[in-house]
Amino acid sequence: MVGTPVLFVAIPLMAAFLIPLLGMIWKELVRIVPGLVLIYLLILAVNLLNYVMVHGPIVEVIAGWAPPIGINLVFSTFSGFLVTLMVFLGLLIWLYSYRFKRNVDYEPAKKYFLLLMMLITGSVGIVLTGDIFNMFVFIEITGISGYALTAFYTGRNSAEASFKYIFLGSLASAFLLLAIMIIYSQLGTLNMADIASKIHLMKPGYKIASMIFFITALGIEAEIFPLNGWAPDAYSEAPGPVGAAFAGIVVKASVYAIIRYTYTIFDLTGTYDLLIILGMITLIIAEVLAIRQEKLKRMLAYSSIGQMGLVFVAFGFGTEEGVFAALFLMFNHAIIKSLLFFSGSYLVYNSKEKYIRETNGMAKYLPLTSFLFALGAFSIVGLPPFAGFWSKLAVLTAAADSNMILIMTLVLMVSVVELVYYMRVVNRVYFFKKDENMETTRPTYNGMLAMLVLGAIIIVIGFYPDAVTGILHKASAELMDKSHYIKEVLTLNK
Amino acid sequence: MIYFILIIFLLLLMIGAAIYAVNQKDLLYAVIATGIISLILSILFYLLQAPDVALTEAAIGVALTTIIFIITIRNTVRYEEEEKTKFKSEVK
Amino acid sequence: MDNTLFEYLDYAVYGTAILVMAIGLYGALVKKSLLKIVIGLSIIDSGLNFLIVALNYYKGGTAPIFSQGYLDGSTKLMVDPVPQALVLTAIVIGFGVTAVALSLVIRLYRHHHTLNIDQIKDLKW
Amino acid sequence: MKKVLIILLLAVVGYFTASTFFDIGFGQQPFVEGVKPVKDVYLDKTVSTLKVANTVTSIVVNFRGFDTLGEVTVLFLAVTALGSILYKKRHQVGERSVLFSASKIVTSGSKLLFPAIVLLGAYVFIHGHLSPGGGFQGGVIIATGFLLMLLAYENFSVGHTGLSIIESLAGITFAGVGLLGMINGGTFLENFLPTGVLNDLFSGGVIPIIYIAVGFKVTAELTGVIYTVLH
C-alpha cells in the first residue's frame, strides 16, 4: 500500500490553499500544479484499487476515533472504481483545457484550474465518505465549484444558467439537511454503516419521510426528471470541458450517493420500483426532448439526462446483473459523453449560438475531430463493436433475467430515438455543405491527445470488454452485500 | 411563564418578519426584515441552550449577510418592480 | 415551566420553523425579482437552522460547556451538542452560497439592467 | 393559477414535514429505544480524553474535524468564485461603491471601536475551547470590524495580496496539522500534542492551534468577500 484514502482529499486541499501563493512566484504554476496533483491521485487510485481487489476494502479512520464516533472513509472496489474513473477523467479534462485558456486573462485562468480541481475533489469525497453529514459538506464543495465554473464565461448567458443551478442547489441542500436531521433525531448517529445496522429500529413513517427528502435533494444533482431544470442550461452555457466534468464526474457522484442510500442504508420495500419508475420517466422525457433540440450542447445535455435515467432503471432491477449493467453504463457514459463534449465543442467552436446546423460539413476541415465525434455517437447509441454496445446488452440481459419485457422494449425503442438524433448530427457533419461564413478552429495538441485517449478506450473496450468487467463484477457483488459493508466498518479495531 | 410569553412573542415576531420580508416591494426593507429574523433566531438559539450557534448567527446572519445584501441592492435596484428608481444615496 | 404550557410550545416551535421555511419557499418560487428569490432562500435556511437546533433541545438541559467545578452526572443534563456543531457548519456554508448567489445577481444586472426574471429569460426555464 | 398550485404544494409538503416533526416531539430525548447515541460518547470523551471544556468545539474541531476542513474550503471556494464571477478587466475596475458618506462621528467612532472589535474577536477564537465561540465566530467578528472601517473610510483598503497570503497560510496550517497527525503514526487530524489540564488556556492539544488557524482564515476570507463585492 502506497498511501491512504484520506490523501484523495488532503492533497488537493493542501494544493488549493498553496496555489494562490505559488501563483505569486511563477504564474504558470497555477496551471501545472492541479495537473501534477491529479497525476499523483491517479497513481494513488490505481495502486489502491489493485490493493483492494486482493485484500478487501480499506476503512480509513479520521482523527483517531473509530467509526460510529468519528468520520470514516471507505475505499472498496465499488467506490475505488468510481474514484479512479473520476480522477482519470479529471486528468483528461485538465489536459484538454490546459492551453485553451491562453486567451483568458491570468486571474480567471488561475481560478478555473483551482475550481476544476476542487470540483473533482468534492466528487471524490462524496464517493469516499462513510458519513452522511460529511457527504453534505462535499456536496456543497462540489456545488460551489460547479456554480462558479458554470458562470465562468462572462460573455454568455452563463450567469443565468448558474443562477438556476444555485437556486435548485440551495433547495437541495436544505432538503438534504432535513433528511439528515430526521435520521439523526431517531438513531443518534451519522455514520452510514451504523445507521444501516440500526435502521430497522426506526418507525416506517420517519424512514419514508427522510427517504423522500434524500431522493428529492440528490435527484436535483443527479438529474432525475422533474428536478433537472438546471442541467441543459448549465451544460450549454458552461465551457465545454466543464460540461464533460458535470456529465462524467459530478452526476456520477450524485448517482453513487442515491445508490448508497437506497441499497445500503434504507431497507424499505418498494424503493427499487421507485427507482425504475423515476428512471423510466426521466429516460423517455429526456430522449423525446433531446430530439427537438436545435443546439448541440443542449442535445448532449438531454442525452446525458436520458442515460442517467437508464442507469437508474438498471439499478432498480435490484439484482447483481442490474448493478453490473448500471456500473458498466456509468463507466461508458463517463468516457463517451466526455469525448462528445470535447469534440463537439470544437465543432461549434466559433459559432455564437451553437446550433446543430452550424456543424454542416465540418468533416472536411476537422477530419479527426469529426471522426471522434462520430465514434462517440455510434458508441453511445449502442452500435457494435463499440463500448456502448456491451453496456446496453448488459442492461437488456439484466432486464430479461428479471422478466421485465416491457422495460426491454422501451429501452430498445429509446435506443432508436437516440440513433435518430445522433445520426442527424453526424449526417450534417459528414454530408452537408459547409457554410462559408463559419470559421474552423483546430483543436490544440493536448486537447487532441485527450480526445484520442478517450477514443482509444472506446475501441479497446468495444473489442475487449473483459478489461473492465472483472472489476465491475466484483464491485457489484460488493454493493449487494450490505452486511459485509456494515461489518467491515463497524468492527474496525483502530 | 414569562419565558413562555417571551418565546411565543419572539416566534410570532419571526413569522411576521418573514411575511413582511417576502411581501415588501422595497427590497431594502425586505433585507432589514431578514436581518431581524436572524436577530430573533440568535436570541432563540440562546434560549435553546446553544450559545455557540447564537454567536455565529448573530455575527453572520445579522451583520454580514445583511450588509452583503445591502451592497448588492446598492449595485442594482432598490424596488422590486420599477426599474428607474435606482437607489441613490445623498452623496455630499 | 408548566408541562401543559410546554406542550403548546412543542407545536409552536416546530410550527414556526416549518412555517418560516414555507414562507421562504413561497417567496423563492413565486416572486419575480432575483433579489427576492435570494432573500427567500436565506429565509429557508434560517427556518431550517431553527428546526435543527430545536429538534435536539432537551427540557431543562444546559449548554454543553463544562464549567470549573462540573459534577460527574452533569453530562446527563446537557443538551445534544451534535446538532449545534452541524448547524454551525450549515450557517457558514449557507453564507458562502448566499454570497455566490448575490454575485450572480450583480452579474445579471450588469448584463440586463433589470432584476425581473420575466425580462431575463434568455434561456428557457 | 401558478400561485394557487404553489401554495397547494407548500401546504402538502409543510403538512408532511410538520406531522413528522410533531410526532418526534419537542423537549425530550427523541432517540428510539435501545440505541446508544454518539453524543454520550462525545460528552464523555471531551472531558476525559481531550480536556476541552466546550463540547461543541471538540466536535467541530476534533471528532468531526474533517467537516470543518470542508467547511473552510467552502468559504475559500466562495471567495474564489466571487472573484471569478465578478471579474472585470483591469481598466474596468471602478471606484469602490460608497453606501453613504460617513459623518465625523461615524469615522472617529469607528476608529475607536475597531481595535476593541479586533480584540474581542481574537479573544473569542483564542478561548474557543473554553467558552462559547471559536474560530468561526471570532473570525466573523473581526471581519465585521474591517467592514466597519471599509464603510466609514472611503479610502481604507486592505491589501488583497496580504489577505490571500494569510488565507493560504492558515489553510496550510490546518491541513498541515492534520497531516502531521498522520506522520506521527496516527490518523489524519489526530491529536498528537499533550492535552494539558481542563480549563487551562493551553489545553486540548491541537484544538486551539486549529481553531486559531480557522480564525485567521475566516477573517481573511470574509474580509475578502466584502472587499470583492464592494468593488
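What you see is a predicted model, in which local features need pLDDT of at least 70 and side-chain atom pairs count only at pLDDT 80 or more, while totals for chains, interfaces and linings use all residues. Residues are numbered from 1 along each chain as its sequence is written, and chains are lettered from A and ligands numbered from 1 in the order in which they are written.

Let me start with chain A. Its secondary structure comes to 19 helices and two strands; helices (H or I, at least four residues) and strands (E, at least two) are DSSP runs, numbered from the N terminus. The radius of gyration of chain A, taken over C-alpha atoms, is 22 Å, close to the 23 Å that the globule rule (2.2 Å times the number of residues to the power 0.38) gives for 494 residues, so chain A is as compact as a globular protein of that length. Along its principal axes, the C-alpha trace of chain A spans about 70 × 60 × 40 Å.

Of the 494 residues in chain A, 62% are buried. A residue is called buried if 20 or more other C-beta atoms lie within 10 Å of its own, exposed if 12 or fewer, and partly exposed in between, with C-beta atoms placed from the backbone. Two residues are in contact if their C-beta atoms, placed from the backbone, lie within 7 Å. Among contacts in chain A with a separation of 6 or more, residues 24 or more positions apart account for 79%.

The two strands of chain A deserve a brief word. Strand 1 (residues 58–61) and strand 2 (residues 72–75) run antiparallel and are joined by four bridges; two strands pair if DSSP finds at least two bridges between them. Ile58(A) has Phe75(A) as its bridge partner in strand 2. On strand 1 of chain A, Val59(A) and Val61(A) form the covered face, whereas Ile58(A) and Glu60(A) form the uncovered one.

I turn next to helix 15 of chain A, residues 387–401. This helix has 15 residues and reaches 22 Å from its first C-alpha to its last, close to the 21 Å expected at 1.5 Å a residue, where the expected span is 1.5 Å times one less than the number of residues. Which residues of helix 15 are buried? They are Ala387(A), Gly388(A), Trp390(A), Ser391(A), Lys392(A), Ala394(A), Val395(A), Ala398(A) and Ala399(A). The cover over these buried residues includes helices 12, 13, 14, 16 and 17 of chain A. After helix 15 comes Asn403(A), whose phi is positive, near 60°.

Leaving aside neighbours within four places in sequence, Ala314(A) is in contact with Gly322(A), Ala325(A), Ala326(A), Leu329(A), Val395(A) and Ala398(A).

Ala314(A) also leads us to the largest nonpolar core, which has 347 residues. Such a core is a set of buried Ala, Val, Leu, Ile, Met, Phe, Trp, Tyr and Cys residues joined through C-beta atoms within 7 Å. The residues with the most contacts inside this core are Leu116(A), Ala314(A), Ala54(C), Val100(C) and Ala78(D). Helix 6 of chain A gives the most to the core, with 20 residues.

Now to the interfaces. Which of the five pairs of chains in contact shares the most contacts? That pair is chains A and D. Here 49 residues of chain A are in contact with 45 residues of chain D. The largest share of the chain A side, 10 residues, comes from helix 5 of chain A. The residues on that side divide into 34 nonpolar, 10 polar and five charged. Ala, Val, Leu, Ile, Met, Phe, Trp, Tyr, Cys and Pro count as nonpolar, Asp, Glu, Lys and Arg as charged, and the others, Gly among them, as polar.

Between chains C and B, 42 residues of chain C are in contact with 41 residues of chain B. Helix 3 of chain C gives the most to the chain C side, with 12 residues. Chain A and chain B, by contrast, do not touch, and their nearest C-alpha atoms are 15 Å apart.

Chain B itself has three helices and zero strands, and 50% of its 92 residues are buried.

Val12(D) lies in helix 1 of that chain, residues 2–24. Is Val12(D) buried or exposed? Val12(D) is exposed, because 10 other C-beta atoms lie within 10 Å.
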